[in-house]
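Colleague: I'm new to this one. Could you walk me through its charged pairs?

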Amino acid sequence: MKRKIALAASVAAVAALSLTACSGGSEPSDDATGPVTITVSGWSLDTTPEFQLLADGFHKANPNITVKLKEYDPSNYNTLVTADLAAGTGPDVITQKEVKYVTTFQEGGQLLDLSDVKLPDGISGTDSYKVDGKLYAVPYRQDAWVLFYNKDLFDKAGVPTPDGSWTWDDYAAAAKELKTKLAAAGSKAYGAYQHTWQSTVQGFANNQSPDGGVLSGKYEYMKPYYERVLDLQKSGAQVTFNTATANQLTYQGEFGKQHAAMMMMGTWFVATLISQQASGDADQFTWGMAPAPQYDASTAGTDKTPVTFGDPTGFGVNANTDGAKQAAAKKFVEYAASEDAAKALAGIGITPALLNDNVVQTYFSTKGAPQDDLSKFAFSTHTVKPENPTSSKTAAIQNILNDMHSAIMSGSEGIDKAISEAQDRVKNEVG
């Protein structure tokens with residue numbers, strides 16, 4: 001996020017080169033029906049199987065089109081992709097790793113208008129890729145934040161498992177009760193683990209609070225969310241932010257090794273947890289998902305639609321592709337949004353952007369996936385609001401709010417002071 005200025009400058013440079021740059025470093029085939037090869041950007045290919053899965057599925061359906069994956073360092077993904085675009089060696093299909101940078105690529109002239117791509121009914125996440133009414137990327141996955149819980153630890157503590165009706169006060173009370181009763185039962189596990197990311201607090205505050213909004217410039221609504229978290233730290237119900245930071249704790253390890261009975265996390269963790277339990281990297285225990293705790297009772301309960309957040313992941317097409325490569329790239333992104341692709345993704349525990357009964361059934365037939373009704377409800381029934389609204393201001397504001405988060409959680413500043421300073425910075429630095 002701190003590379004926003006450099007990234008914007010790089011994209012501007014790419015735009016200046018767009019008349020002379022050649023996508024992928026090779027001329028496209030003149031024969032739209034002949035063999036063609038396209039490149040798709042990705043990251044961590046060994047541990048992120050979705051890219052190869054989609055490439056193989058698409059090639060099987062379109063034998064004349066070969067998909068080659070181009071791997072990038074995930075920590076510097078946007079900067080490295082931008083550098084390749086500037087050099088004329090950028091991928092034909094640009095995976096949009098972070099929604100907050102879509103406008104940067106779009107304003108730099110690097111994304112093709114995909115408004116004419118045919119998408120299935122019911123697909124989610126498209127609004128995050130629209131700028132001035134035009135679609136610049138197509139979502140293929142749409143994660144949402146849910147509550148993961150360890151049923152075995154709940155049973156050991158004698159605490160009832162989540163029932164889908166929890167508000168944040170219910171969650172906090174359960175975390176404290178779990179810690180106390182687990183300790184009495186001889187367990188060192190915490191009631192909950194909260195990862196260090198700002199989204200673990202702000203994502204919910206921004207999207208559940210009536211006054212919430214990243215772009216609002218006013219963030220007093222976050223105060224009760226931070227008060228609750230600091231109280232959980234003080235009570236010992238969860239590990240402190242400073243401890244998690246200093247010891248570089250991972251959310252996979254904290255939940256997978258049963259160091260905590262509950263954890264808020266995105267549905268991408270399902271595939272990881274299933275894989276790690278199968279490999280032995282995570283302990284064997286019974287786990288499930290419940291809806292994220294709610295702001296109030298109006299959206300809490302399995303007879304209602306809980307509110308959560310999450311950003312899509314999508315594919316854009318390099319605006320400098322043409323001819324057969326452009327046609328093939330557009331065909332690839334259309335396939336990635338299809339029901340066939342959604343079922344393939346669901347089959348490895350990935351949450352696709354398209355959810356229907358067939359896709360959900362495929363998802364929960366995966367070996368290692370939970371089978372209870374509440375997990376299925378939490379996965380498939382919710383209103384998902386964007387963590388990063390589509391705006392050229394989003395990345396800069398999120399940087400400021402991340403500083404605020406660290407200041408509050410580390411105890412270096414009080415909640416009121418940190419919020420006030422963030423509001424002033426947004427006003428003066430972003431406008």
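This is a predicted model: local features need pLDDT of at least 70, side-chain atom pairs count only at pLDDT 80 or more; totals for chains, interfaces and linings use all residues.

Colleague: How far apart are N and O in the salt bridge of Arg425 and Glu429?

Modeller: Arg425 and Glu429 are four residues apart in helix α17 (residues 415–430), so about one helical turn separates them. Arg425 counts as partly exposed, at 29% relative accessibility. Their side chains meet in a salt bridge, and the N to O distance is 2.9 Å.

Colleague: Which residue forms a salt bridge with Asp84?

Modeller: Asp84 lies in helix α3 (residues 77–87), and its partner is in strand β2 (residues 65–72), so the pair ties together parts 14 residues apart in sequence. The closest N and O atoms are 3.3 Å apart, and the partner is Lys70.

Colleague: Is Asp84 buried or exposed?

Modeller: Buried means under 20% relative accessible area. Lys70, at 25%, counts as partly exposed. Asp84 has 19% relative accessibility, so Asp84 counts as buried.

Colleague: Which helix do Lys343 and Glu339 both lie in?

Modeller: Their side chains meet in a salt bridge, 4.0 Å from N to O. Lys343 counts as partly exposed at 31% relative accessibility, and Glu339 does too at 26%. They are four residues apart, about one turn of helix α13.

Technical notes:
Residues are numbered from 1 along each chain as its sequence is written. Side-chain values use heavy atoms; hydrogens and water are left out. Helices (H or I, at least four residues) and strands (E, at least two) are DSSP runs, numbered from the N terminus. Buried means under 20% relative accessible area, exposed over 50%, partly exposed in between (1.4 Å probe, protein chains only).
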